[in-house]
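Please open the model in a viewer and keep the sequence at hand.

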Amino acid sequence: MAPPNQLCLVLVIFISVFSLSSLSTSAIIPKANVSLSIPSSQLVENLCNGKAIQNRRFCLKALSTPEVIAAMDTTQLGTFIMKLGAANAKETLNVYNEIIKKPGSPQDLKALNCCVQAYKYAILSFEMVSSELVEDPQAANYDVAVIGPEIANCEKELINAKVQAPRLLAGNRFMKYYVSMGYEITSTLELENPNEY
């Protein structure tokens, strides 16, 4: 048996590596997005192969939960995507709010506040789009598309202020991926129901 000191050292190293590996994205990607061990449905495959999708691998990973895989139609899948987008925006907004509490320059604060507003807008938009999916996919498509410029403006403000925060940039990148997924699913819904709108 190993001496107690070696056992403690191994335990400390294991805990440190484990906690550091989960730290980088846990505040940005909702915990529901675990792994690709569950095979994706044809609906998810079709969506993630769509033209608007910016990152296919991210799309497949984000939509790999059993609940999403069980989606029976495009509307259900769209509802799940909007919920995931809203959850991701809330998680990222929490990170922005944490960072705002720390001392920084007025430029940093201005950029961070711009991003807080962008993420509040993203949350409201994703939640609103969920209700529009059935009634008006065209409006849903527009409402999810306009999130992108808000996040791009946030990103521009962070870069101009020289805010050094990789977690925020990662959050913005992931949000762009959710917007592209939302845009793709609402475009698909528009095509499935062309005469209704």
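Why does Cys 59 count as buried? Its relative accessibility is 0%, and buried means under 20% relative accessible area, exposed over 50%, partly exposed in between (1.4 Å probe, protein chains only).

This is a predicted model, in which local features need pLDDT of at least 70 and side-chain atom pairs count only at pLDDT 80 or more, while totals for chains, interfaces and linings use all residues. Residues are numbered from 1 along each chain as its sequence is written, and side-chain values use heavy atoms, with hydrogens and water left out.

Next, select Cys 48 together with Cys 59: a disulfide (a pair of cysteine sulfur atoms within 2.5 Å) joins them, with S to S 2.1 Å. This pair links distant parts of the chain, with Cys 48 in helix 2 (residues 42–48) and Cys 59 in helix 3 (residues 56–62), 11 residues apart. Helices (H or I, at least four residues) are DSSP runs, numbered from the N terminus. The torsion about the S-S bond of Cys 48 and Cys 59 is about -80°, so this disulfide is left-handed. Cys 48 is buried as well, at 2% relative accessibility.

Move on to Cys 115 and Cys 154, whose sulfur atoms lie 2.0 Å apart in a disulfide. Cys 115 belongs to helix 6 (residues 106–135) and Cys 154 to helix 8 (residues 147–160). With 100° about the S-S bond, their link is right-handed.

Finally, select Asn 141 in helix 7 (residues 137–145). Leaving aside neighbours within four places in sequence, Asn 141 is in contact (heavy atoms within 4.5 Å) with Tyr 183, Thr 186, Ser 187 and Glu 190.

Methods: Helices (H or I, at least four residues) and strands (E, at least two) are DSSP runs, numbered from the N terminus.
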